[in-house]
Amino acid sequence: MASASNAGRLPDGRRSLLIGGITPFSTVDWPGKLACVAFLAGCPWRCPYCQNHLLQSFGAATQTDEDLFAFLDQRRGLLDGVVFSGGEPLAQEATIDAARRAREMGFEVGLHTCGGYPERLERILPHIDWVGIDVKAPWAKYDSVTLARGTGKLAQASLDAILDAGVAMEARTTWHPALLTSDDIAAIGQDLAARGVRTWAVQAYRHQGTTGELPNETVYPSDTPTGIAELFESFEFRRA
Ligand code: SF4
């Protein structure tokens with residue numbers, strides 16, 4: 001296993017992937033698939049409900065490409081695919097190459113993204129089979145959830161790129177009652193449906209695993225605005 005101090009450059013000069021951890025088997029990170037999950041280090045946003053806040057720093061990396069591909073080599077025929085998650089996988093340029101390489105090995109490739117890197121997303125889309133993209137707020141309200149600037153525009157461009165490419169996708173929205181009102185949820189749902197999104201999941205805020213900066217409150221399926229689920233081919237309320 002490569003150490004964090006090796007994480008940076010590969011012998012051929014390419015920048016290696018900075019990986020915070022690898023989950024060997026998951027059935028929940030890519031609906032319908034048995035996949036391993038590579039949690040990549042680094043994210044420029046600071047959503048207060050982040051479940052992986054320790055991975056926001058690139059310095060959280062403990063593994064590299066070599067570890068991931070050695071692992072995948074042993075799992076040929078045993079897994080459907082690999083999901084690149086994080087952190088934000090597209091905070092690293094090297095994720096594009098890693099997706100291409102994983103596919104060449106015969107794995108399907110999934111991606112979790114916040115949508116913060118639309119240009120990289122456009123370049124990785126030809127190499128992936130499925131995307132789960134966060135839609136964190138109505139576009140105009142985005143920065144109040146991500147605690148970063150200009151994020152709504154980036155996320156909107158990313159969502160449009162996925163829809164234009166026609167890659168299988170799921171949009172998902174984490175709902176904390178202090179961040180999003182019921183009207184916000186309705187507005188997000190209407191916007192997504194109008195853009196042609198067919199699969200949307202609303203995820204109730206889960207306090208465990210966060211920094212604890214938000215009050216420990218959540219929402220329930222009965223809080224879902226009336227008529228919004230019917231706008232989608234597939235709608236799921238995920239409980240905390
Ligand atoms: S975009 Fe994702 S990884 Fe980054 S801070 Fe928000 S929830 Fe955490």
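**Contacts, sheet and helices in a predicted chain**

Mentor: Before anything else, bear in mind that this is a predicted model. Of the contacts in the chain with a separation of 6 or more, 73% are between residues 24 or more positions apart.

Trainee: And what share of the 240 residues is buried?

Mentor: Buried residues make up 41% of the chain.

Trainee: What does the radius of gyration say about the chain?

Mentor: The chain has a radius of gyration of 18 Å, which agrees with the value near 18 Å that a compact globule of 240 residues would have. Taken along the principal axes, the box filled by the C-alpha atoms is roughly 55 × 35 × 30 Å.

Trainee: How many helices and strands are there, and in what order do they run?

Mentor: The chain holds six helices and eight strands, and from the N terminus on the elements run β-β-α-β-α-β-α-β-α-α-β-α-β-β.

Trainee: OK, the sheet then. What is the strand order?

Mentor: Eight strands form an open sheet with mixed pairing, in the order E1-E2-E3-E4-E5-E6-E7-E8. Strand E1 (19-26) and strand E8 (234-238) stand at the edges, and because each has a single partner strand, one side of each is left without a neighbour in the sheet. On average, neighbouring strands of this sheet are turned by 15° against each other, direction ignored.

Trainee: Are E4 and E5 parallel or antiparallel?

Mentor: Strand E4 (residues 108-113) and strand E5 (residues 130-134) pair in the parallel sense, over four bridges, and Thr113 has Ile133 in E5 as its bridge partner.

Trainee: Where does H1 sit?

Mentor: Helix H1 (residues 65-74) lies across E1, strand E2 (35-40) and strand E3 (81-86), and runs at about 15° to E1.

Trainee: Which residues of H1 are buried?

Mentor: Those are Asp65, Asp67, Leu68 and Leu72. They cover an arc of only 170° around the axis, which puts them on the same side of H1. Their cover includes E1, E2, E3 and helix H2 (94-104), while the face of H1 turned away from the buried side carries the exposed residues Ala70, Asp73 and Gln74.

Trainee: Switching to H6, how many residues has it, and how far does it reach?

Mentor: Helix H6 (residues 182-195) has 14 residues and reaches 20 Å from its first C-alpha to its last, close to the 20 Å expected at 1.5 Å a residue. Its buried residues are Ile185, Ile188, Gly189 and Leu192. They cover an arc of only 95° around the axis, which puts them on the same side of H6.

Trainee: What do the buried residues of H6 pack against?

Mentor: They pack against strand E6 (168-175) and strand E7 (199-204). On the other side of H6, Asp183 and Ala194 are exposed, and just after H6 Gly196 takes a positive phi of about 105°.

Trainee: Now the backbone elsewhere: which peptide bond is cis?

Mentor: The bond from Gly86 to Gly87 is cis, with omega near 20°, and Gly87 lies in the loop between E3 and H2.

Trainee: What about phi of Leu147?

Mentor: Phi of Leu147 is near 55°, a positive value in a residue other than glycine. Leu147 is found in the loop between helix H4 (142-146) and helix H5 (151-165).

Trainee: Why does Leu147 count as partly exposed?

Mentor: Leu147 counts as partly exposed because it has 13 C-beta neighbours inside 10 Å, whereas a residue would need 20 or more to be buried and 12 or fewer to be exposed.

Technical notes:
Residues are numbered from 1 along each chain as its sequence is written. This is a predicted model: local features need pLDDT of at least 70, side-chain atom pairs count only at pLDDT 80 or more; totals for chains, interfaces and linings use all residues. Helices (H or I, at least four residues) and strands (E, at least two) are DSSP runs, numbered from the N terminus. The expected span of a helix is 1.5 Å times one less than its number of residues. The arc is that of the directions from the helix axis to the C-beta atoms. Two residues are in contact if their C-beta atoms, placed from the backbone, lie within 7 Å. Two strands pair if DSSP finds at least two bridges between them. Axes are lines fitted to C-alpha atoms, for helices over the stretch in contact, and angles run from 0 to 180 degrees between N-to-C directions. The radius of gyration is taken over C-alpha atoms; the globule rule is 2.2 Å times the number of residues to the power 0.38.
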